[in-house]
Structures are given as C-alpha cells and as structure tokens.
Amino acid sequence: TDWRSKPLYLKNLWNHEQLHHNASRRLSVQGLLKESLEIPYFLDATVSNFVPDGTAPISDIMKNMTQKGMPHKIATQLLLEAYPELISEIIPPPLNKSTSSTSR
C-alpha cells in the first residue's frame, strides 16, 4: 500500500532545531511566507467544513493568518498532492524512498 493514499501519523521525525531553526525549510512559517504555490485552503477554520472553500498563493494565506489573525486553515494533504516534492519536508529522505527514487 502506498502511504500517500491513506492518512499517516508521523511522530518525532524532526527535532525542534530542524523544524524551527532551519532557514531552508519550505514548510516552516518563514518558508511558507516566501512561497508562491497556489493551494486550496479553508477560509474559516472555526467552521466545520470538509472541502476547502478558497484558493490562493500560500504566502498570502500565511500573511493573513500570521499578520492579520484571520482564521484560515491550510489543506496540507491537498498541498502535498499538488506539490509532491514537498514530501521530503515532512518525511526525512532516508524514510522517503518513493521521493528519493523519483528525483534521480
């Protein structure tokens, strides 16, 4: 079974230093503020909704959340489906054989 076809819970793969102090991480707050990827998102995370109701550049969504306090929510699974190269940001390359083999 392909792990991308089912929800997966990953715990303790990255330490605090790797997550928060690595300037090259694209899937950090600072990294996402620099990205121009167009993604689906939830306009109001306080409302129960299973289908994203907006699409925008991820940098705009992050600015709205971090600087304006808007209750957006990013659809992470959809982000990774649209941009599979970002999987290595979540699963370290030694564990992510499908991504490392496709990049050759």
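Biologist: Which residues of H3 are buried?
Modeller: In this predicted model, the buried residues of H3 are Ile58, Ser59, Ile61, Met62 and Asn64.

Biologist: What covers them?
Modeller: The cover over the buried residues of H3 includes H2, E1, E2, E3 and H4.

Biologist: Why would residues three or four places apart in an α-helix point the same way?
Modeller: An α-helix has 3.6 residues a turn, so residues three or four places apart point the same way. In H3, Ile58, Ile61 and Met62 are among the buried residues.

Biologist: Let us turn to the sheet. In what order do the strands lie?
Modeller: The order is E2-E1-E3, in an open sheet of 3 strands with antiparallel pairing. Strand E2 (54-57) and E3 are at the edges, and each has a single partner strand, so one side of each is left without a neighbour in the sheet.

Biologist: How many bridges join E1 to E2?
Modeller: Strand E1, residues 38-42, is joined to E2 by 4 bridges, and the two run antiparallel. Pro40 has Thr55 in E2 as its bridge partner.

Biologist: And where does H3 pack?
Modeller: H3 packs on the sheet and touches E1, E2 and E3. The direction of H3 makes about 100° with that of E2.

Biologist: Which residues have the most contacts inside the largest nonpolar core?
Modeller: They are Leu37, Ile39, Ile58, Leu79 and Leu86, in a core of 17 residues. Helix H2 (29-34), E1, H3 and H4 are the elements that give two or more residues to this core. H3 gives the most, with 3 residues.

Biologist: What does Leu37 touch?
Modeller: Setting aside residues up to four places away in sequence, Leu37 touches Arg26, Ala56, Pro57, Ile58, Leu79, Tyr83 and Leu86.

Biologist: Tyr83 is on that list. How far apart are Tyr83 and Leu37?
Modeller: Tyr83 and Leu37 are 46 residues apart in sequence, and their C-alpha atoms are 8.5 Å apart in space. Tyr83 itself lies in the loop between helix H4 (76-82) and helix H5 (97-102).

Biologist: What else is Tyr83 in contact with?
Modeller: Apart from its neighbours within four places in sequence, Tyr83 is in contact with Glu38 and Ile39 as well as Leu37. The side chain of Tyr83 also reaches the backbone oxygen of Glu38, at 3.2 Å.

Biologist: Another loop residue, then. Where does His72 lie?
Modeller: His72 is in the loop between helix H3 (58-66) and strand E3 (73-74).

Biologist: Is His72 buried or exposed?
Modeller: His72 has a relative accessible area of 8%. The cut-off for buried is under 20%, so His72 counts as buried.

Biologist: What polar atoms does its side chain meet?
Modeller: A polar atom of the His72 side chain lies 2.8 Å from the backbone oxygen of Leu43. The side chains of His72 and Asn64 are joined by a polar contact of 3.4 Å. Asn64 is one of the buried residues of H3.

Biologist: Finally, the whole chain. What pattern does the chain follow along the sequence?
Modeller: The pattern is α-α-β-β-α-β-α-α, with 5 helices and 3 strands.

Biologist: How much of the chain is buried?
Modeller: Buried residues make up 30% of the 104 residues. The chain exposes about 7,300 Å², and carbon and sulfur atoms supply 55% of that area.

Note on methods: Residues are numbered from 1 along each chain as its sequence is written. This is a predicted model: local features need pLDDT of at least 70, side-chain atom pairs count only at pLDDT 80 or more; totals for chains, interfaces and linings use all residues. Side-chain values use heavy atoms; hydrogens and water are left out. Buried means under 20% relative accessible area, exposed over 50%, partly exposed in between (1.4 Å probe, protein chains only). A polar contact is a pair of N or O atoms within 3.5 Å; within protein, one must be able to donate a hydrogen and the other to accept it, and residues adjacent in sequence count only if both atoms are side-chain atoms. Contact means heavy atoms within 4.5 Å. Two strands pair if DSSP finds at least two bridges between them. Axes are lines fitted to C-alpha atoms, for helices over the stretch in contact, and angles run from 0 to 180 degrees between N-to-C directions. Accessible areas come from the Shrake-Rupley method with a 1.4 Å probe; for residues, only the protein chains shown count as cover. A nonpolar core is a set of buried Ala, Val, Leu, Ile, Met, Phe, Trp, Tyr and Cys residues joined through side-chain atoms within 4.5 Å.
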